[in-house]
Amino acid sequence: MKIFFEYLGLLHIEGVKNKTFLDVDAGTTIAGLFGQLKIRREHQKFISVFINDIEKPRTTILNENDRVKFFLPTGGG
Amino acid sequence: MKNFSYEKLTERNSPKIKQKLSEAVVGIAGCGGLGSNVAFALARSGVGKLVLVDFDVVDITNLNRQQFFLSDVGMKKVDALSEKLLQINPQIKIEKYQSKLTDNNVQTIFADVQVVVEAFDKVSEKASLLKAFGKSFFKAKFLVTASGVAGFGKSNSIQTKKLAQNIFVCGDNKTDFLSEGVMAPRVMIAAGHQANKVLELLEQLN
């Protein structure tokens, strides 16, 4: 199934364009998507994930056409 | 107190938001570069109550971007900031917490606020507050966070973007203080974005 994926912040995800459609298996969770995209563990703990504009926990199962957004804040203030 | 008048303080503010601001309650999570500048802007705008949270004391290295003075060094940031805000508006209500924001106290501290301003400098603290906003308790409140305020120049790369239904982010989402340092102009631009978004949100609230 397809999801729409975008990310903000200092993330660089090898081989994945920002604001693009991704193929994921049915039943994939947010945690599973982290694995599929090879997100580094030190980044995973600071990333907020929004699905269709609502913040969701890592156990959330993705659905067809979900708009998934990763946000990794940068330091300074 | 030199003939203070709330009406006079807010006389030149936008008439359509005046009444809402006098009754507004805004939380400031972190009273450093972003937080002190946001608090100044909101106090000058006539916001009725601020909830200030910061565990730290003023250090001389803070003076390059934070609204403190040499005479404040060593003071609790929440105390030094409160003093200054009361010099702008002696009628402003201020609730102070000299503590770290944790999963255990965040709901209690921000129970009555309409909008929270995330003004921390550490990524871990920013992420922690964002995580708290994923809980149902915060669904009816707004969070205005900041990311990418470091360095100098590139003024127009600092923008306000919608992250989620009730969460906005101000900054360029790229520049990091570890590599670029933090300086007054860009921090103040980002703080201006945050304060301005807070006013917009308060104007929209019933």
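Lys19(A) counts as exposed because its relative accessibility is 53%; exposed means over 50% relative accessible area, buried under 20%, and partly exposed in between, with a 1.4 Å probe and protein chains only. The model is predicted: local features need pLDDT of at least 70, side-chain atom pairs count only at pLDDT 80 or more, and totals for chains, interfaces and linings use all residues. Residues are numbered from 1 along each chain as its sequence is written, chains are lettered from A and ligands numbered from 1 in the order in which they are written, and side-chain values use heavy atoms, with hydrogens and water left out.

Lys19(A) lies in the loop between strand 1 and strand 2 of chain A; strands (E, at least two residues) and helices (H or I, at least four residues) are DSSP runs numbered from the N terminus. Its phi is near 55°, a positive value in a residue other than glycine. Most residues other than glycine have a negative phi. Lys154(B) is placed in the loop between strand 5 and strand 6 of chain B, and counts as partly exposed because its relative accessibility is 47%.

The sheet of chain A is open and mixed in its pairing, with 5 strands in the order 2-1-5-3-4; two strands pair if DSSP finds at least two bridges between them. Strand 2 (20–23) and strand 4 (54–55) of chain A stand at the edges with a single partner strand each, so one side of each has no neighbour in the sheet. Strand 4 of chain A is joined to strand 3 (residues 48–51) of chain A by 2 bridges in the antiparallel sense. Within strand 4, Glu55(A) is the residue opposite Phe50(A).

In chain B, 7 strands build an open sheet of mixed pairing, ordered 3-2-1-4-5-7-6. Strand 3 (93–97) and strand 6 of chain B are its edge strands, each pairing on one side only. On average, neighbouring strands of this sheet are turned by 20° against each other, direction ignored; axes are lines fitted to C-alpha atoms, for helices over the stretch in contact, and angles run from 0 to 180 degrees between N-to-C directions.

Strand 2 (residues 49–53) of chain B is largely enclosed by the rest of the structure, because 5 of its 5 residues are buried. Lys49(B), Val51(B) and Val53(B) point one way from this strand, while Leu50(B) and Leu52(B) point the other way. Strand 2 pairs with strand 1 of chain B in the parallel sense over 5 bridges, and Leu50(B) is the bridge partner of Val26(B). Further along the sheet, strand 4 (residues 115–118) and strand 5 (residues 142–146) of chain B run parallel and are joined by 3 bridges, with Val116(B) opposite Leu143(B). Helix 8 (residues 184–204) of chain B lies across strand 1 (25–29), strand 4, strand 5, strand 6 and strand 7 (167–171) of chain B, and runs at about 170° to strand 5.

Ala80(B) is found in helix 4 (residues 77–88) of chain B and counts as buried because its relative accessibility is 0%. Apart from neighbours within four places in sequence, Ala80(B) is in contact with Val58(B), Phe68(B), Asp72(B) and Met75(B), contact meaning heavy atoms within 4.5 Å. Helix 6 (residues 123–132) of chain B is largely enclosed by the rest of the structure, because 7 of its 10 residues are buried. Among these buried residues are Val123(B), Glu125(B) and Leu129(B).

Helix 6 of chain B also provides the largest share of the lining of the largest pocket, with 4 residues. About 380 Å³ of space lies in this pocket. Of its 27 lining residues, Asp54(B), Phe55(B), Phe120(B), Asp121(B) and Glu125(B) are the closest to its centre. On a 1 Å grid over the protein atoms alone, a pocket is an open set of points where a 1.4 Å probe fits, with protein on both sides within 12 Å along at least five of seven lines, and lining residues have an atom within 4 Å of a point. Grid points are joined across faces, edges and corners, and a volume is the space filled by probe spheres set on the points.

The second largest pocket has a volume of about 310 Å³. Leu8(A), Lys161(B), Asp172(B), Asn173(B) and Lys174(B) lie nearest its centre among the 15 residues that line it. Strand 1 of chain A gives the most to this lining, with 4 residues.
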